[in-house]
Every structure is written in structure tokens, then in C-alpha cells.
Amino acid sequence: GKSTIDPNDEIQKYIATHKFSSIAEGAAYYDKLEHMGLTHIRFEDACTSLRTKVITDVYGDAPTAEQLEELRDILQRERWLLPEGMEKYFHYVSENPNAFRGEVKKPTYTYYYEVVKDSKGNRYDLVVKRLDENEMISVVYTSYVFVTEGASKEDIVVHLHYATGDGMEWRFSPKDYLEVVYSKNNSTVIEKAVGKMETCLLPNVPKTKLLERDASKEFSNKEAIRKAVEIMLVAYEKVVPNA
């Protein structure tokens, strides 16, 4: 079994206080640890701390989509970073405000979506995939999401745009969108379909529960986008072509 990490240990102190500037610097220190003659438990404790600290120092709390791709490639080569490195990567993917994933379950299939912040300010890329009863997964929707501040700083306005498939490409319409206003002090969100998005509203979809805002979640662009995507995939599902 592993021992409880001793924060007073000199090696642990160094890892905790030193700022690692690159993965290569972390790898060099890992190599140094291997030649210190440490006990197995002390070595593993040090490596556990080192892997997480190096990645946090290099990539911060909210890496960009490009940085996440870079980290994914690095984890394929730098095996010494595992398993904590992979755990950190999955944490970034699920919690990062610049790149995150989610799912919306339907009775006979599940939608998986990926949102990645574009370099162009308030724009995000949205990709929706569907997993069917036969365990087949396919991309069924690609579009853009735009996020702006509302009239009040306590409002986040999300525009999730209508898009149509054109061969292997998806073309979004700047004039047709689902608008969701996510307010810090309101227990529900406000949604409004504009243009072609209106034609995608499914009849008889109960919205009361769907429009509720979970007060336990942070007030952020990420949670506002999550709510907008959920509303689209449940109430405006006709925007997604049949597989």
C-alpha cells in the first residue's frame, strides 16, 4: 500500500514550491528521482506529486484546445507521466471552460457533444455525436455557439446557431439560432427560437424541468452553453438530421 504523503519531506517540498517550466524539465527531475535510491513507496509518492504538478505548472487551469491536443500527444510519448497525467487530461476535458464535453440521454440513444473555444473571442465550436442502440457512433451536427454579456452583467446570452449539412461540411446560419439567457439570479433560463430554428421545435415537449437552472453549478459561460445545448437536443431536436 501507499503511504500518506509527508508534506515535510524535502522532495515533496521541492516539488510543491518549484515552478516547472516544461515537460522536459519535469522528465529530468523524474530521472533524478530514479537514481536517488529511494524506497519504492517514497519514490511512488514523489512521482504522484511530480506528474500532477508538472502538468499544472505547464498548462495551468484552463488550457486551450491546441494545448490539450499537445498534451494528449505528449502523454503518448512520455509514459512516466501516467497515470496521473491522463487523469489530469480528463479533468481538463471535463472541467476546462475552453474545451469540455457532455451528454444528453434519450430513450433509445445518447447524444455526446464537444465544445471548444475558438480563438476568435466569443465563438465556440460545437460538435454533436450520437450513439445508437447498435453502439454505432456518428457525427450528427456541427455548428457555432456565440456567447455575450446581457444587458446586466448577471446575464449570459447564448446563441446556438442553426446549421445544415452540405456533403462533409456543415454550414451555419448567422440569422437563425436558439437564444438562451442564463441569469445568475433566476432559477430558470429564458429561451427563444429565431428564424429557421423555430421550425425545429418538437411538439409537446415539457419544458418546465428543462428550463430550470441548477443553482449548485457555477455561473459561467460553460454552464450557460451546457444548458443551451441540452435545450436544443431535447426540445429542438429536429435541427439534428436523422442518422
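Mentor: Seven strands form an open sheet, in the order 1-2-3-4-5-6-7, and their pairing is antiparallel. Keep in mind that this is a predicted model. Two strands sit at the edges: strand 1 and strand 7 each pair on one side only. Neighbouring strands in the sheet are turned against each other by 25° on average, direction ignored.

How do such strands hold on to each other? Strands of a sheet pair through backbone hydrogen bonds, either parallel or antiparallel.

Now go to one end of the order. Strand 5 and strand 6 are antiparallel and share eleven bridges. Pick one of these: Val 157 has Val 181, in strand 6, as its bridge partner. Strand 6 also pairs with strand 7, residues 190–194, again antiparallel, through five bridges. Here Glu 179 is partnered by Lys 192 of strand 7. Follow the chain from strand 6 to strand 7 and you cross a hairpin of six residues.

The largest nonpolar core has 37 residues. Leu 126, Leu 233 and Tyr 236 have the most contacts inside this core. Strands 1, 2, 3, 4, 5 and 6 each supply at least two of its residues, and so does helix 6, residues 221–235. Which element gives the largest share? Helix 6 does, with eight residues.

Zoom in on Leu 233. Setting aside neighbours within four places in sequence, Leu 233 is in contact with Val 104, Lys 106, Tyr 111, Tyr 113, Val 128 and Val 240. Apart from this core lies another one, of 25 residues, including Tyr 30, Leu 75, Leu 81 and Ala 99.

Stay with helix 6 for one more residue. Glu 223 is part of helix 6. Is Glu 223 buried or exposed? Its relative accessible area is 10%, and buried means under 20%, so Glu 223 counts as buried. Leaving out residues up to four places away in sequence, Glu 223 touches Tyr 182, Lys 217 and Glu 218.

Finally, turn to a pair of helices. Helix 2, residues 23–34, packs with helix 3, residues 40–59, at an angle of about 170°, and their axes are 10 Å apart. An angle over 145 degrees counts as roughly antiparallel, so helix 2 is roughly antiparallel to helix 3. Helix 2 brings residues such as Ile 23, Tyr 29 and Leu 33 to the contact, while helix 3 brings Phe 43, Leu 50 and Val 54, among others. By class, this contact has eleven nonpolar, one polar and two charged residues.

Terms used:
Residues numbered from 1 in each chain as written. Predicted model: local features only at pLDDT ≥ 70, side-chain atom pairs only at ≥ 80, totals over all residues. Heavy atoms only, no water. Core = buried A, V, L, I, M, F, W, Y, C linked by side-chain atoms within 4.5 Å. Buried < 20%, exposed > 50% of the residue type's maximum accessible area, 1.4 Å probe, protein only. Helix = DSSP H or I, 4+ residues; strand = E, 2+ residues; numbered from the N terminus. Contact = heavy atoms within 4.5 Å. Pairing = 2+ DSSP bridges. Axes fitted to C-alpha atoms, helices over the stretch in contact; angles between N-to-C directions. Parallel < 35°, antiparallel > 145°, perpendicular 65-115°, else oblique. Nonpolar A, V, L, I, M, F, W, Y, C, P; charged D, E, K, R; others polar.
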